[in-house]
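Subject: Structure handover, pockets

Hello,

Here is the structure for you to look over. My notes on its pockets follow below.

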Amino acid sequence: PKVWNGWTVSQIEHRGRPIPYNTNKDDAKFRSLAGFLGSDESFLELIEKDDRTVRSLLGTSHEILADHLKAIIRQTETIRETNDWGPSRPITLDYKASPLSSKSQRLRVEHHIFNADQYSLFYNPEMEDSPDNTKWHEEHSISNLELGLEVRVAGNADAGLCEYISKWGFYEGGGLYNPYRIEPIILHCILTGNVIPELIDLVTQQRQLVLHELKEEISMLQDAKEKMDREEEVNAIADRIQHLSVNLKNKQQQDHDFVQSLSKK
């Protein structure tokens, strides 16, 4: 469509950009700190790219992927209700994503509830009765325990990412910098256990980004240390640098081992 719930593409791209904390923008209520899109990302190009990935590479549909996410979330809700467990208790279950796979995957689902509502990117206050005027105050983290892969699903089975994927094939943008973007390749692997070369490339990129940010922090501390005169401040920063450097070395080895292990699946 050319218009989504009354919004044009240019309006959606404006609303989807990340915004700073405590911003005073008039439409801040309907936006996200992390953003639904990258700072210069095209909404239509993102949807087209993910559509090619889902249909051509993975051989499935957005509706099927969304239906499995909804089913997993609803199953965990039923398990909590049946056992009279609280809403934040993690749930482990065996889930078979038919017809994508004939093998069950061991999943862990964590449910997090927040005080404030997140309004949908497509929420339009001028269209009071629109079914697309949704909001939520929760998220679900779904992990494949055997593979060590996870996606973060903003919202619930009826609103948020499940709704976006099912209706529009929209998995959020922002690439590796947005923790709420669901990479279709990773989601498909979590559901099926099917490891493909493109998954290995994506996971490697994700982990390299974390390492890069850690290196950047170490570099910034080293620059700050050189400008300080007080011995206690210099020593404190030196200790922090040493701690981060050890973490960096350990993480590099852990990431290498993880990718190698994933490649053998």
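The lining of the second largest pocket divides into nine nonpolar, four polar and six charged residues. Please keep in mind that the model is predicted.

More on that second largest pocket. Its space comes to about 390 Å³. It is lined by 19 residues, and Ser 32, Asp 117, Gln 118, Trp 136 and Tyr 180 are the closest to its centre. Two or more lining residues come from each of β4 (105–119) and β5 (135–144). β4 supplies the largest share, five residues.

Now the largest pocket. About 530 Å³ of space lies in it. Its lining has 20 residues. Nearest the centre are Glu 150, Leu 176, Pro 179, Ile 186 and Gln 206. The elements giving two or more residues to this lining are β6 (149–154) and α6 (197–226). Of these, α6 gives the most, with five residues. By type, the lining has 11 nonpolar, four polar and five charged residues.

If you open the model, two places to start:

Best wishes

Key
Residues numbered from 1 in each chain as written. Predicted model: local features only at pLDDT ≥ 70, side-chain atom pairs only at ≥ 80, totals over all residues. Heavy atoms only, no water. 1 Å grid on protein atoms, 1.4 Å probe; cavity = no way out; pocket = protein on both sides within 12 Å on 5 of 7 lines; lining within 4 Å. Points joined across faces, edges and corners; volume = space filled by probe spheres on them. Helix = DSSP H or I, 4+ residues; strand = E, 2+ residues; numbered from the N terminus. Nonpolar A, V, L, I, M, F, W, Y, C, P; charged D, E, K, R; others polar.
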